[in-house]
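Please look over the model below before reading on.

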Amino acid sequence: MTNLPGIVITGASGRMGQMLIKTVQASDKCRLIGVTERDGHDWVGRDLGACMGGSDLGVPVVSDAIDVVKDAQAIIDFTSPDSSVAHAELAAQARAVHVIGTTGFDASHIAKIDAAARHAPIIRAGNMSLGVNLLSKLTKMVAQALDEDFDIEIIEGHHHHKVDAPSGTALMFGEAAAEGRGVALEDVRDSGRDGITGARKRGDIGFTAIRGGDIVGEHDVMFAAAGERIVLRHIATDRSIFARGALKAALWGQDKGPGSYDMMDVLAI
C-alpha cells in the first residue's frame, strides 16, 4: 500500500472536499495521506474521520498545507483562486501533480499557475466530468460548422451557494465555441444583461446564469438561427462524477513531466 501515490485533499470540509475524500478512500490505486482546511476552521487539529462523523482514520486536518504537500504525489484542489495559487506553488516545490477544479480565476492567477507548471504537472479544468469534456469537443465542432447566422447562448444552472458566474464549465464551453469560430472569447463575450441593452450583436457568445436550490450543474449550449435551434446539453445529478474525474487526472499525471494540462489531455479526446 505504501507504494501507492499519496493524495492530499484541500478544503476537506466542503461538499467537493468530502466527496473527494470518499472517492480516494474507495480507490485501490492511491492512498489518502493528508487533508487541509483554512486556519481557524473547527475541523483543524481534529481527526478527519471524527470530523466526518465516523471513527478515527489517523489523518489529522491541518491548516498549513506545506505539512502534508511535501510528502504528496498529488494534490486535488477545489478551493478558491487565491488558495489554489498558493497550493500550485507548494506543488511545484514538491514536484507533485496538482489537479485544480477551482474556478473563478483572473489573468494574474493563471499567470502564477502557469509559472508553477514549469516545475510540476498541473491539470486544470473548469469541469472534470467525462461527459462535459465530450460536450466541449462537440461545441467546438458545431461552432466550426455553423456561421454567425446562428447565435450562441450558454445557459448554466447551479446551487444557490455557488459564488462565481458564469461557471467555469460555461466559460469552458464559451472558449470551445470561440475556438471553433476562430475568435477570442473576450472579444465576443456577452454576459450580465440587464435593462435596455439593445439588440444582440452578431457573432457574440452569450452567457446566462441560474442560481437556485441544490442544482449540481446543468449546462445548455444553444445555437439559435431563424426557424431552428440546436441545443447541446449536459446535466450532472451527482458530484461524484467530478471527484472520479479529478482522481483519474491525479493518477494520469503520475508519469507526466512539468507542464499545463487539462481533461482533454487526460481523456485523450
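Q: In this predicted model, which residue of β9 does Arg189 stand opposite?
A: Arg189 stands opposite Ile205 in β9, and Asp190 stands opposite Gly206 in that strand.

Q: Why are β8 and β9 called paired strands?
A: Two strands count as paired if at least two bridges are found between them.

Q: What makes β7 and β9 a pair?
A: The cut-off is again at least two bridges. Strand β7 (residues 151-158) and strand β9 (residues 205-211) run parallel and are joined by 7 bridges, so they are called a pair as well. Within this pairing, Ile152 has Ile205 of β9 as its bridge partner.

Q: In which order do the strands of the open sheet of 5 strands follow one another, and which are its edge strands?
A: The order is β8-β9-β7-β10-β11, and the pairing is mixed. The edge strands are β8 and β11 (228-236), since each of them pairs on one side only. Neighbouring strands of this sheet are turned against each other by 20° on average, with direction ignored.

Q: Why are β3 and β12 said to stand at the edges of the open sheet of 7 strands?
A: That sheet has parallel pairing and the order β3-β2-β1-β4-β5-β6-β12. β3 (61-62) and β12 (259-261) each have a single partner strand, so one side of each is left without a neighbour in the sheet.

Q: How do you know that β6 is a partner of β12?
A: Strand β6 (residues 121-124) pairs with β12 in the parallel sense over 3 bridges, and at least two bridges are required, so the two strands count as partners. In this pairing, Ile122 stands opposite Ser260 in β12. Helix α5 (residues 107-116) packs on the sheet, where it touches β5 (97-100), β6 and β12, and its direction makes about 145° with that of β6.

Q: Why is Leu134 called partly exposed?
A: Buried means under 20% relative accessible area and exposed means over 50%, with partly exposed in between. Leu134, which lies in helix α6 (residues 130-145), has a relative accessible area of 39%, so it belongs to the middle class.

Q: Why is Arg95 called exposed?
A: The word exposed is used over 50% relative accessible area. Arg95 reaches 54%, so it counts as exposed. Arg95 is found in the loop between α4 (81-94) and β5, and it has a positive phi of about 60° although it is not a glycine.

Q: How do you know that Ala268 is exposed?
A: Ala268 has a relative accessible area of 69%, and the cut-off is over 50%, so the word applies to Ala268. Ala268 lies in the segment after α10 (263-267), and its phi is near 55°, a positive value in a residue other than glycine.

Key. Residues are numbered from 1 along each chain as its sequence is written. This is a predicted model: local features need pLDDT of at least 70, side-chain atom pairs count only at pLDDT 80 or more; totals for chains, interfaces and linings use all residues. Side-chain values use heavy atoms; hydrogens and water are left out. Helices (H or I, at least four residues) and strands (E, at least two) are DSSP runs, numbered from the N terminus. Contact means heavy atoms within 4.5 Å. Axes are lines fitted to C-alpha atoms, for helices over the stretch in contact, and angles run from 0 to 180 degrees between N-to-C directions. Buried means under 20% relative accessible area, exposed over 50%, partly exposed in between (1.4 Å probe, protein chains only).
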